[in-house]
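Please study the sequence and the structure shown below before reading on. The paragraphs that follow lead from a single residue to the arrangement of the chain as a whole.

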Amino acid sequence: MTVLDTEPAVLDTAPPAAVCTVLEQQRHGRPVGRDRYTISEVAGCTGLSVHTLRWYERIGLMPHVDRSHTGQRRYTDRDLDWLDLVGRLRLTGMPVADMVRYARLVREGEHTLAERERLLTAHREDVRSRIAELRSTLEVLDYKIDIYADARRRAEAAEGA
């Protein structure tokens, strides 16, 4: 059973169309008609190293990956979807400990929905704060670039006169 096997019984709203489109585009990069991938294939598809995939499994971020009769890991499309979510959480700067906590909550089932919502809501606020900081920093960069561009144009005009 993977982390994604536990889903809310009732969804109040469908995911935004943009989210569905992005996920569908990512799925199109996977081989058609396949739902079993080796660790090397997953590493190639996700950009994560084999070492990182094993580490995720060891720390509980990538729980129970099925194994072949020879003991080789066999990832499913659900596992790849989960790794996509983990990658997005990493991009937002979520600490690994929080991601592991989230994975544990998902595995524990529906009685943790409220706690999962709180965790993600708090993280969303952190992300929004960082975005605001980045926008402010971008404004400073734009200001400085404009100063240099104006100075360069004045210098070029003086040379041409």
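His123 is found in helix α6. The model in which this residue is described is a predicted one. Is His123 buried or exposed? With a relative accessible area of 9%, His123 is buried, because a residue counts as buried when this value is under 20%. Which residues does His123 touch, once its neighbours within four places in sequence are left aside? They are Leu89, Thr92, Gly93 and Met94.

The protein chain has 161 residues, and 27% of them count as buried. Its secondary structure comprises six helices and two strands. Read from the N terminus, the elements follow the order α-α-α-β-β-α-α-α. Among the contacts in the chain with a separation of 6 or more, 60% are between residues 24 or more positions apart.

Helix α6 also packs against another helix. Helix α5, which covers residues 96–108, meets helix α6, which covers residues 113–160, at an angle of about 155°. The axes of these two helices are 10 Å apart. The angle is over 145 degrees, and therefore α5 is roughly antiparallel to α6. In passing α6, helix α5 makes a left-handed crossing. On the side of α5, the contact is made by Asp98, Arg101, Tyr102, Leu105 and Val106. On the side of α6, the residues that take part are Glu115, Arg116, Leu119 and Leu120. What kinds of residue make up this contact of α5 with α6? Five are nonpolar and four are charged, while none is polar.

Side chains of opposite charge can pair when their charged atoms come close. How many salt bridges does the structure hold? There are nine.

One of these salt bridges joins Arg101 and Glu115, whose closest N and O atoms are 3.3 Å apart. This pair links distant parts of the chain, since Arg101 lies in helix α5 and Glu115 in helix α6, 14 residues apart. Both residues also belong to the contact between α5 and α6 described above. Arg101 is partly exposed, at a relative accessible area of 31%, and Glu115 is likewise partly exposed, at 27%.

A second salt bridge is found between the side chains of Glu57 and Arg73, with a distance of 2.6 Å from N to O. Glu57 lies in helix α3 (residues 50–59) and Arg73 in strand β2 (residues 73–74), so the pair ties together parts that are 16 residues apart in sequence. Are these two residues buried or exposed? Glu57 counts as buried, because its relative accessibility is 18% and the limit for a buried residue is 20%. Arg73 is buried as well, with a relative accessible area of 18%. Glu57 and Arg73 are also part of a network of salt bridges, in which they are linked with Arg67.

A further salt bridge is formed by Glu125 with Arg124, where the closest N and O atoms are 4.0 Å apart. Glu125 is partly exposed, with a relative accessible area of 37%. Arg124 is also partly exposed, with a value of 41%.

Notes
Residues numbered from 1 in each chain as written. Predicted model: local features only at pLDDT ≥ 70, side-chain atom pairs only at ≥ 80, totals over all residues. Heavy atoms only, no water. Axes fitted to C-alpha atoms, helices over the stretch in contact; angles between N-to-C directions. Helix = DSSP H or I, 4+ residues; strand = E, 2+ residues; numbered from the N terminus. Parallel < 35°, antiparallel > 145°, perpendicular 65-115°, else oblique. Left-handed = near helix turned anticlockwise from the far one by under 90°. Contact = heavy atoms within 4.5 Å. Nonpolar A, V, L, I, M, F, W, Y, C, P; charged D, E, K, R; others polar. Buried < 20%, exposed > 50% of the residue type's maximum accessible area, 1.4 Å probe, protein only.
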